[in-house]
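Hello,

Here is the structure I said I would hand over. Please look at it first and then read the notes below.

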Number of protein chains: 2
Amino acid sequence: MNLAIIGKRGHIGYVLDGLERLPDIQVVGLSAGAPGDDISDLTGWCAVHGQSPAVHDDYRDMLDAVRPDMVAVDGPYDLHAEMCIEAFQRGLHVFSEKPVATTYDQLADLRAAYAETDVHFASMVGLRYDPAFYTAWQCVREGGIGRVRLIDTRKSYKLGQRPEHYTKRETYGGTIPWVGSHAIDWMHWFSGKRFVSVCAAQSTACNAGHGDLEATAMCQFTIEEDIFATLSIDYLRPATAPTHGDDRIRVVGADGVIEVRNGEVFLVQEGAEGERKPEPRCDRQIFCDFVSQVTGKAESLVGAEETFVVTEACLKARESADIGKVVTFAS
Amino acid sequence: MNLAIIGKRGHIGYVLDGLERLPDIQVVGLSAGAPGDDISDLTGWCAVHGQSPAVHDDYRDMLDAVRPDMVAVDGPYDLHAEMCIEAFQRGLHVFSEKPVATTYDQLADLRAAYAETDVHFASMVGLRYDPAFYTAWQCVREGGIGRVRLIDTRKSYKLGQRPEHYTKRETYGGTIPWVGSHAIDWMHWFSGKRFVSVCAAQSTACNAGHGDLEATAMCQFTIEEDIFATLSIDYLRPATAPTHGDDRIRVVGADGVIEVRNGEVFLVQEGAEGERKPEPRCDRQIFCDFVSQVTGKAESLVGAEETFVVTEACLKARESADIGKVVTFAS
């Protein structure tokens, strides 16, 4: 199998980690995807790992020249959709950074282009593979807390000094789609149900000179069967805090409550005394999982339809925050 | 000072605990406040503690007969407002279970009646005096996390088998006002700012036969200066969980984050390495605090105006959940 890589603005590390476990995959092409983006660490990685991809300034030229089987898309956030579409039109499997679209129009075009293909499409929702989150999800899926009723999520990051493209809505997309997408993905993944409505708010206050970047946001979703889901987002985690991020989820079921906190899992169940701590464990790697599905060996944790659903939910949440009203989903 | 007590449906224990530290206060009158409510444990407590109140079926008769200086109101939830108003009209200081009103009309009447008095009025927001919450609040008030930007709160309770009055909206008021009021009070207390709007949802699913009682709810408030506040409420904590409740708050400031969890306080601050755990401490007791203000010795942590503000916020949140729309506050 041959792989091409476009850009490295986000979580391309998932791909590199996976490639180290998949020595049969050839990296045949490389493009920065944006003029001016420095990809010397990608070319350096390739040199060290015995890969010798053709490097092109224009990613379309690269795709046409090297004709890969699959593409990893990690260019500018506002170009994810366009890059995925170009790949679909060439019949390529696509592993893309999320959100896969930053506008409704992009998302509609992406869905339409995907509908014409039979390739595998997944986004870089790497936290599904985090041992604690994966373990909690397995517990919920196996009925460990009964019927899901309430999902509380949190994303808290250190801000630091971010590149220019974070400071403009047009190139950044917004904090709800960029940071919140992980948690909105958890809501869909843990509940397995359809979104019904969302109400959200966002603020650029205290963003340390980062222009349009929202330093705080909150979203609350209603999901089918009156499942509720809350999301708190901030970039205000102190620089001196022990970890970059403080990602959490708590899922309340009719028969138990499970929580992920500081990389650990906490479980209380009806009928079981006290609180238990299941050992966090995940033996899957996101890019290996993607390749397994492409090669027909196993089903990956994430597919095209839920990628579209979660992207739409991110955009609707951002719209709700922009207009200050509840936004509903088509039933 | 003389005290009369009406009812014992809620947190009258705060008053009894306080009385044990205030031997000079005479309990002069007692009324169940509702026909059929058994107050034998209140009369029993009085007997053991050398108090011999007059007991009346009708609380108004009792107030007229014993002419107390202050009244503790803990009758049926839907009668809190009426009982407070009767006390105001007699010029009495009032310490009432929250929420002090379960409808907008009750709240308007209560405000109007209070405006005609110069008594002290406070509600039983006992969690302000919880050592962990009080310690976190002091830290925030002293600027320990800088400008407040985001407040995440949680109330999670065991349901068990609740009395009949919990099963009807008319007598219960709803889970947002009854359970959520604590957390909505924290939002106001920690931010010190005005509520701007609220969006909420609630569900009776999985309420184990408790009629109108909402087993889950969520609220999100915007507060002045784009401060955001989230609230997750559930009655689904397993019967076998280590504690009855799982009350939490997390306050994100421009310069730090403080969290209360399992009775402990966790603090990360800009410039201070790692996470610290300030020792939870509170040397105040809520009813003693109330009496201190009545007697002019000290200012209590909670007063009339914020009691009204928080009650209105509870009712607006419930309204938002009832109608499925954002509800705004008068500016």
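The side chains of B:Thr222 and B:Ser197 are joined by a polar contact of 2.6 Å. A polar contact is a pair of N or O atoms within 3.5 Å; within protein, one must be able to donate a hydrogen and the other to accept it, and residues adjacent in sequence count only if both atoms are side-chain atoms. The model is predicted: local features need pLDDT of at least 70, side-chain atom pairs count only at pLDDT 80 or more, and totals for chains, interfaces and linings use all residues. Residues are numbered from 1 along each chain as its sequence is written, chains are lettered from A and ligands numbered from 1 in the order in which they are written, and side-chain values use heavy atoms, with hydrogens and water left out.

B:Thr222 belongs to strand β9 (residues 216-223) of chain B; strands (E, at least two residues) and helices (H or I, at least four) are DSSP runs numbered from the N terminus. Is B:Thr222 buried or exposed? B:Thr222 is buried, with a relative accessible area of 16%, where buried means under 20%, exposed over 50% and partly exposed in between (1.4 Å probe, protein chains only). Apart from neighbours within four places in sequence, B:Thr222 has contacts (heavy atoms within 4.5 Å) that include A:Ala201, A:Met218, B:Phe195 and B:Ile227.

Next, the open spaces. On a 1 Å grid over the protein atoms alone, a cavity is a set of points where a 1.4 Å probe fits but cannot get out, and a pocket is an open set with protein on both sides within 12 Å along at least five of seven lines; lining residues have an atom within 4 Å of a point. Points are joined across faces, edges and corners, and a volume is the space filled by probe spheres set on them.

The largest pocket has a volume of about 570 Å³. It is lined by 35 residues, and B:Thr243, B:His244, B:Gly245, B:Asp246 and B:Asp247 are the closest to its centre. The second largest pocket has a volume of about 300 Å³. Among the residues closest to its centre are A:Arg237 and A:Asn262, while β12 (256-261) and β13 (264-269) of chain B each supply at least two residues of its lining.

There are 3 cavities of 30 Å³ or more. The largest cavity holds about 290 Å³ of space. Of its 20 lining residues, A:Asp152, A:Thr153, A:Arg154, B:Asp152 and B:Arg154 lie nearest its centre.

Regards
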